[in-house]
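Here's a quick briefing to read alongside the model. Keep the 3D view open and click along as you go.

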Amino acid sequence: MRLISWCSLSLPYLRVLHACHTRTLPLGHLCSVKQGTSPHYSSLQPTQAPKFFDDLSPFNITHFASGRRNLEIVVGIIYDLEGVTYVGDPSPWASWTDASTMLQLFYPKDSINPAQRPQGGSEFYAAPLDLRNAHNVTLVYSILFPSDFEWVKGGKLPGLYGGHTRCSGGDDAFECFSTRLMWRADGDGELYLYAPKDRQTASLCNAPPLSICDTTFGLSIARGSFQFARGSWTHLRQTVVLNTPGVQDGGFLLEVDGNPVIDRADVLYRDAREYPAPEDPDYPPTPSQPSQPEDGGGTFFGGHDEEFATPKDQFVWFKDFAIYINS
């Protein structure tokens, strides 16, 4: 199973595939990652986003799953939505030390998820690095919710995934995993985990303040362990360490603004058995066993019911993307 980076903000899916190899990205990436005290973290040079860019070419996008029109590249400074302009020639901003290029994500009123109309957020798969041999990967990015952002009941944010694509939407996760983040009501944050539901430890499913594993969809882990800010940047750093096949010893570390908030060493991402490779010509091929991590990006409101829908047009911004292959 490959470790992959997923921007499920209805953002991109970014593959992280090769140990001890780096490449510059235009954005960093969209999978909040923070590391704690577990022994599984080691720091290598990251694939960092340049300060200014004008397209998504460094991501090497292989498939834009949804929401292409909801994603814009902007450059400037955000202070309560002021000072942002659509990117053209970024050179006038180059002398502004606090200006940078950002991804602007749009969630139209009444949008819930990419399968519904209107379509909110954006999702894509990309392959900027070869992660097929990666075992330990870190994804970093920053996110800004405006000061008047309405959380409603929650929404998805980028993370890492392994195995076949589309490890979401109620997938049984026997042949894949994903580690997206979510915001919930009042800005509460959590790990929104897709992994074999009946193979997780009781300790993980009871991680404080609140965890819910008895669900049709993803596992809600450590809900409320951190809060997303409104009106200022939240810096996220997520590290995934693959488990020994069939053993509950996988690592997940999330740091928010430099503070470890979730630090687990008991996750089962992959079972001991082998899996057939999925046959889907619309998505990039995956190996026969769900092992290596990759990167996928996406963001949207939801949930699948109307109670998650945004009551108005809303925007969110992302920057400072980076990916580390630790081993």
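Which residue in β20 is the bridge partner of Val-140? It's Ala-322, and we'll come back to those strands below. First, a heads-up: this is a predicted model, where local features need pLDDT of at least 70 and side-chain atom pairs count only at pLDDT 80 or more, while totals for chains, interfaces and linings use all residues. Residues are numbered from 1 along each chain as its sequence is written, and side-chain values use heavy atoms, with hydrogens and water left out.

**The big picture**

- The protein chain has zero helices and 20 strands (helices are DSSP runs of H or I with at least four residues, strands are runs of E with at least two, and both are numbered from the N terminus).
- Out of 327 residues, 59% count as buried (buried means under 20% relative accessible area, exposed means over 50%, and partly exposed is in between, using a 1.4 Å probe and protein chains only).
- Take the contacts between residues at least 6 apart in sequence: 76% of them join residues at least 24 apart (contact means heavy atoms within 4.5 Å).

- β9 runs antiparallel to β16 (residues 233–241), with nine bridges joining them (two strands pair if DSSP finds at least two bridges between them).
- Look for Ile-143 in that pairing: Thr-234 in β16 stands opposite.
- β9 also pairs with β20 in the antiparallel sense, over seven bridges.

**The loop between β13 and β14**

- Gln-200 has its place in this loop, and at 9% relative accessibility it counts as buried.
- Beyond its neighbours within four places in sequence, Gln-200 has contacts that include Cys-205, Leu-219 and Gln-248.
- The side chain of Gln-200 reaches the backbone oxygen of Leu-268 at 2.8 Å, and a polar atom of that side chain lies 2.9 Å from the backbone oxygen of Pro-196.
- Gln-200 and Tyr-269 are 69 residues apart along the chain, yet their C-alpha atoms are separated by 8.9 Å.
- Pro-209 is in this loop too, and the peptide bond from Pro-208 to Pro-209 is cis, with omega near 0 degrees.

**The disulfide**

- The structure holds one disulfide (a pair of cysteine sulfur atoms within 2.5 Å).
- Cys-205 and Cys-213 form it, with their sulfur atoms 2.2 Å apart, and both cysteines are buried.
- The torsion about their S-S bond is about -95 degrees, so the disulfide is left-handed.

**Two positive phi angles**

- Val-152 isn't a glycine, but it has a positive phi of about 55 degrees.
- Find Val-152 in the loop between β9 (136–144) and β10 (154–157), where it counts as partly exposed at 27% relative accessibility.
- Asp-320 isn't a glycine either, and its phi is positive at about 60 degrees.
- Asp-320 is in strand β20 (residues 314–325), and at 40% relative accessibility it counts as partly exposed.

How values were computed:
A polar contact is a pair of N or O atoms within 3.5 Å; within protein, one must be able to donate a hydrogen and the other to accept it, and residues adjacent in sequence count only if both atoms are side-chain atoms.
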